[in-house]
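Me: Please walk me through this model, beginning with a single residue and moving on to the larger elements.

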Amino acid sequence: MTAVLELIDLHKRFGRTEVIRGASLAVQRGERMALIGPNGAGKSTLFNLVSGRLAPDSGQVRLQGRAIAGKPPYEIHRLGLARSFQVTHVFPSLSVFENLRCAVMWSQGHGWRLLRLPGRMRRANERVCELLDLLGLQARREVPAMHLSYAEQRALEMGLTIAGGSEVILLDEPTAGMSRSETERFTQLIARVTEGRTLLMVEHDMGVVFGLADRVAVLVQGEVIALDTPERVRADARVQQAYLGRFVEAP
Ligand SMILES: Nc1ncnc2c1ncn2[C@@H]1O[C@H](COP(=O)(O)OP(=O)(O)OP(=O)(O)O)[C@@H](O)[C@H]1O
C-alpha cells in the first residue's frame with residue numbers, strides 16, 4: 001500500500017502550550033480514516049497544519065510524497081488536497097449551479113473572463129452537472145443557496161470541496177448539527193463522493209465513524225495514541241481511558 005498523506009513527528013505550540021506533540025500518521029491511497037479525540041485534543045490544529053492554515057514548528061507533512069508543510073492553502077489545494085470547514089463557505093445569493101461553477105473554475109485557476117472562452121465554459125458546466133448528480137442536487141440546481149435546507153447546504157459544501165477532483169479530502173465534522181436521518185443519508189453521500197479517493201475526517205459521531213472509516217486514529221493531547229480498525233480501537237484500553245469509558249457506547 002502507498003501512503004498518500006503522511007504526518008511525520010509534527011509539533012505545534014501556541015505560546016507556552018504545546019498543542020501538537022509529535023503527531024505521526026499515514027493515510028493509504030483510497031483509505032477512509034477518521035480522526036477522533038476528546039475536546040481540545042488538537043484535531044482542528046492538526047487539520048490546519050495539513051491544509052496549510054498553520055505551519056508546524058517542526059515535523060513534516062507529505063502529500064503524494066511531496067513535502068507540503070508551511071505551503072499556503074491554495075498551493076496545497078492545487079497539489080491535490082481539499083478541505084471542508086465546520087462553517088459552510090457558500091455564496092448565499094448564488095444558485096447551487098453557480099456556486100459549484102465558481103468552485104470548478106477556482107480549482108482550475110480560471111477567473112470569470114477566461115470562462116467566457118466557449119470550450120472552458122462547456123467543460124466547467126459539464127463538470128458541474130456531474131457534481132449535481134453525485135450530490136443528489138440536480139432538482140435544486142437553480143435554487144439560491146440561502147433557500148436550501150441545512151442538509152442540502154452541507155451537500156453543496158461537500159460539492160465545493162470535491163469540485164476540483166482532489167485526491168485527498170479532509171472533512172471537519174461533516175455531520176455536525178444534523179438529525180439522525182440526515183446523518184444517515186449524509187454518511188451515504190460521503191461514501192459516494194469519496195469513492196476512489198482518500199479521506200481523512202474529524203468526526204464525533206461514532207455511528208458515522210463505524211459506518212465509513214477503514215481505520216481510526218485517536219488523538220489525545222496532541223499525540224496519536226492509537227491507529228487501527230474501528231473495532232480494535234474501540235477495544236483499546238488507552239482509548240477507553242482517554243474517553244472515560246464513553247467510547248464503548250459506539251454501535
Ligand atoms: N490559534 C490558537 N491560539 C491559541 N490556542 C489555540 C489556537 N488554536 C487552538 N488552540 C488551543 O489548542 C488546543 C487544541 O485545540 P483544537 O481546536 O485543535 O482541538 P480539537 O481537538 O479540534 O477540539 P474540539 O473537538 O473541541 O473541536 C485547545 O486548548 C485550544 O484552545
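**Loops, sheets and ligand**

Me: Why does Glu173 count as partly exposed?
Reply: Glu173 counts as partly exposed because it has 17 C-beta neighbours inside 10 Å. A residue is buried with 20 or more other C-beta atoms within 10 Å of its own, exposed with 12 or fewer, and partly exposed in between, the C-beta atoms being placed from the backbone. The model is a predicted one, in which local features need pLDDT of at least 70 and side-chain atom pairs count only at pLDDT 80 or more, while totals for chains, interfaces and linings use all residues. Residue numbers start from 1 along each chain as its sequence is written.

Me: Where does Glu173 lie?
Reply: Glu173 is in the loop between β7 and α7 (180-193). Helices (H or I, at least four residues) and strands (E, at least two) are DSSP runs, numbered from the N terminus. Glu173 has a positive phi of about 45°, although it is not a glycine.

Me: Which other non-glycine residue has a positive phi of about 45°?
Reply: Gln64 is one of them. Gln64 sits in the loop between β4 (58-63) and β5 (66-67). Gln64 is partly exposed, because 17 C-beta neighbours lie inside 10 Å.

Me: New topic: in what order do the 6 strands of the open sheet run?
Reply: The order is β6-β7-β8-β3-β9-β10, and the pairing is mixed. Two strands pair if DSSP finds at least two bridges between them. β6 (81-83) and β10 (223-228) stand at the edges with a single partner strand each, so one side of each has no neighbour in the sheet. From one strand to the next, the twist averages 20°.

Me: And how many bridges join β3 and β9?
Reply: Strand β3 (residues 32-36) and strand β9 (residues 215-220) pair in the parallel sense over 4 bridges. Met33 has Arg215 in β9 as its bridge partner, and Leu35 stands opposite Ala217 in β9.

Me: Why is β9 described as largely enclosed?
Reply: 5 of the 6 residues of β9 are buried, so the rest of the structure largely encloses this strand. β9 also runs antiparallel to β10, joined by 5 bridges, and Ala217 stands opposite Leu227 in β10. β9 and β10 form a hairpin with 2 residues between them, and Gln221 in the turn has a positive phi of about 45°.

Me: Which residues have the most contacts inside the largest nonpolar core?
Reply: They are Leu35, Val218 and Leu219, in a core of 70 residues. A nonpolar core is a set of buried Ala, Val, Leu, Ile, Met, Phe, Trp, Tyr and Cys residues joined through C-beta atoms within 7 Å. Not counting residues up to four places away in sequence, Val218 touches several residues, including Ile36, Val224 and Val239.

Me: What about the sheet with 4 strands?
Reply: That open sheet has the order β2-β1-β4-β5, with antiparallel pairing. Its edge strands, β2 (17-28) and β5, each pair on one side only. α1 packs on this sheet, touching β1, β2 and β4, and its direction makes about 65° with that of β2. Such angles run from 0 to 180 degrees between N-to-C directions, with axes fitted to C-alpha atoms, for helices over the stretch in contact.

Me: Last one: what does α1 give to the shell around the ligand?
Reply: Helix α1 (residues 43-51) gives the most to that shell, with 3 residues. A residue is near a molecule or strand if its C-beta atom, placed from the backbone, lies within 6 Å of it. The residues around the ligand include Phe14, Val19, Asn39 and Lys43. The shell divides into 3 nonpolar, 6 polar and 1 charged. Here Ala, Val, Leu, Ile, Met, Phe, Trp, Tyr, Cys and Pro count as nonpolar, Asp, Glu, Lys and Arg as charged, and the others, Gly among them, as polar.

Methods:
Two residues are in contact if their C-beta atoms, placed from the backbone, lie within 7 Å.
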